[in-house]
Amino acid sequence: MSKFKEAKKLMQQKRKETIKQIGMFIEAESKLRAPVKTGHLRRSITHETESDEEVSKAWIGSNVEYGAVQEFGSVTKNIPAQPHIRPAIEENIGEIQDIIKKGMST
């Protein structure tokens, strides 16, 4: 294997591990911010990651039916938004950047 291919494979592996760290971090931060009545929403928040040769992605969310209503609110049901996922990202941009810098450094 050429040095270029080895370096590319190493960077892909670092990117894969870094997106996993970001997913876990945002999941934890979202759980801290989630509104709690019974704790079901908080317990249901999870993350998934996906990486291929070009891109890495993380999804953070919940599968409970009212999760989106809690995050975005509902005009028809007169329920105010109680965002927890978006602030977990927006309020931690610096920390996310640090995770990327640390994870991708050689």
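Where is His-84 found?

## His-84

In this predicted model, His-84 is found in the loop between α3 (67-72) and α4 (85-90). His-84 has a relative accessible area of 2%, which is under the 20% cut-off, so the residue is buried. Its side chain reaches the backbone oxygen of Gln-82 at 3.3 Å.

Leaving aside residues up to four places away in sequence, His-84 touches Ser-30, Arg-33, Ala-34, Pro-35, Leu-41, Ile-45, Gly-67, Gln-70 and Glu-71.

## Lys-14 in helix α1

Lys-14 lies in helix α1, which covers residues 3-33. The residue is buried but has no salt bridge. Glu-17 is the nearest side chain of opposite charge, and it is 12 Å away. A salt bridge would need a nitrogen-to-oxygen distance within 4 Å. The side chain of Lys-14 instead reaches a backbone atom, the oxygen of Ser-105, at 2.6 Å.

## The largest nonpolar core

The largest nonpolar core has 6 residues: Ile-22, Phe-25, Ile-26, Ala-88, Ile-96 and Ile-99. Two elements, α1 and α5 (93-104), each give two or more residues to this core. The largest share, 3 residues, comes from α1. In soluble globular proteins, nonpolar side chains tend to be buried together.

## The β1-β2 hairpin

Strands β1 (residues 46-51) and β2 (residues 56-61) run antiparallel and are joined by 6 bridges. They form a hairpin, with 4 residues between the two strands. His-47 has Ile-60 as its bridge partner in β2.

Ser-62 is placed in the loop between β2 and α3. Its relative accessible area is 28%. This value falls between the 20% and 50% cut-offs, so Ser-62 is partly exposed. Ser-62 and His-47 are 15 residues apart in sequence, and their C-alpha atoms are 8.5 Å apart in space.

With residues up to four places away in sequence not counted, Ser-62 touches Leu-41, Ser-44 and Ile-45. The side chains of Ser-62 and Ser-44 are joined by a polar contact of 2.5 Å. A polar atom of the Ser-62 side chain also lies 3.1 Å from the backbone nitrogen of Val-64. Leu-41 and Ile-45 are among the residues touched by His-84 as well.

Key:
Residues are numbered from 1 along each chain as its sequence is written. This is a predicted model: local features need pLDDT of at least 70, side-chain atom pairs count only at pLDDT 80 or more; totals for chains, interfaces and linings use all residues. Side-chain values use heavy atoms; hydrogens and water are left out. Buried means under 20% relative accessible area, exposed over 50%, partly exposed in between (1.4 Å probe, protein chains only). Lys and Arg count as positive and Asp and Glu as negative; His and the chain ends are not counted. A polar contact is a pair of N or O atoms within 3.5 Å; within protein, one must be able to donate a hydrogen and the other to accept it, and residues adjacent in sequence count only if both atoms are side-chain atoms. A nonpolar core is a set of buried Ala, Val, Leu, Ile, Met, Phe, Trp, Tyr and Cys residues joined through side-chain atoms within 4.5 Å. Contact means heavy atoms within 4.5 Å. Two strands pair if DSSP finds at least two bridges between them.
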